[in-house]
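This report describes selected residues of one protein model. Please consult the sequence and structure shown below.

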Amino acid sequence: MKKIIFLLPFLALVSCYNAEHNCKDFKNGKFKFEFEVNGVKKTTIFERKDGIEIETFEGKTDTATVRWVSDCEYILEKKHPKNMAEEKAISMKILTTSKDSYTFEFGMVGSDQKQRGTVVRVE
């Protein structure tokens, strides 16, 4: 019985835990996103400021507009798409934040297929 009495406050505390969401801290800045493609590690560097995101990947630079729909969600649209796939907007949702990084979910607008990743602030 004593164990149950001590366990109840702990369970109440754990159930009230919310992931940290300081999304406003990541609206502007320079960031790095690392991911794997067929077992090969790839890195993209991007800088976001005032509604514009400039991304550099494998030596190529591209620009996108950023439209924030809430503190933790935004839509990316390429300014100069090179093909039909690049014309589709990408929905980004920040799920959790820490001091210098955030975990996010992304996918094409209107699609149920989502992927996750972690971005790290580099400056």
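Where is the place of D50? D50 lies in the loop between strand 2 and strand 3 (52-57); helices (H or I, at least four residues) and strands (E, at least two) are DSSP runs, numbered from the N terminus. The model is predicted, so that local features need pLDDT of at least 70 and side-chain atom pairs count only at pLDDT 80 or more, while totals for chains, interfaces and linings use all residues. Residues are numbered from 1 along each chain as its sequence is written, and side-chain values use heavy atoms, with hydrogens and water left out.

**Loop residues with positive phi**

D50 is not a glycine, yet its phi is positive, at about 50°. N38, found in the loop between strand 1 (29-37) and strand 2 (40-49), is likewise a residue other than glycine with a positive phi, near 50°.

**Accessibility**

Buried means under 20% relative accessible area, exposed over 50%, and partly exposed in between (1.4 Å probe, protein chains only).

| Residue | Relative accessibility | Class |
|---|---|---|
| N38 | 79% relative accessibility | N38: exposed |
| D50 | 64% relative accessibility | D50: exposed |
| D62 | 12% relative accessibility | D62: buried |

**Surroundings of D62**

D62 belongs to strand 4 (residues 60-70) and counts as buried because its relative accessibility is 12%. Its side chain forms a polar contact with the side chain of K78 at 3.0 Å. Such a contact is a pair of N or O atoms within 3.5 Å; within protein, one must be able to donate a hydrogen and the other to accept it, and residues adjacent in sequence count only if both atoms are side-chain atoms. Leaving aside residues up to four places away in sequence, D62 touches E53, I54, E55, K78, K82 and E86, where contact means heavy atoms within 4.5 Å.
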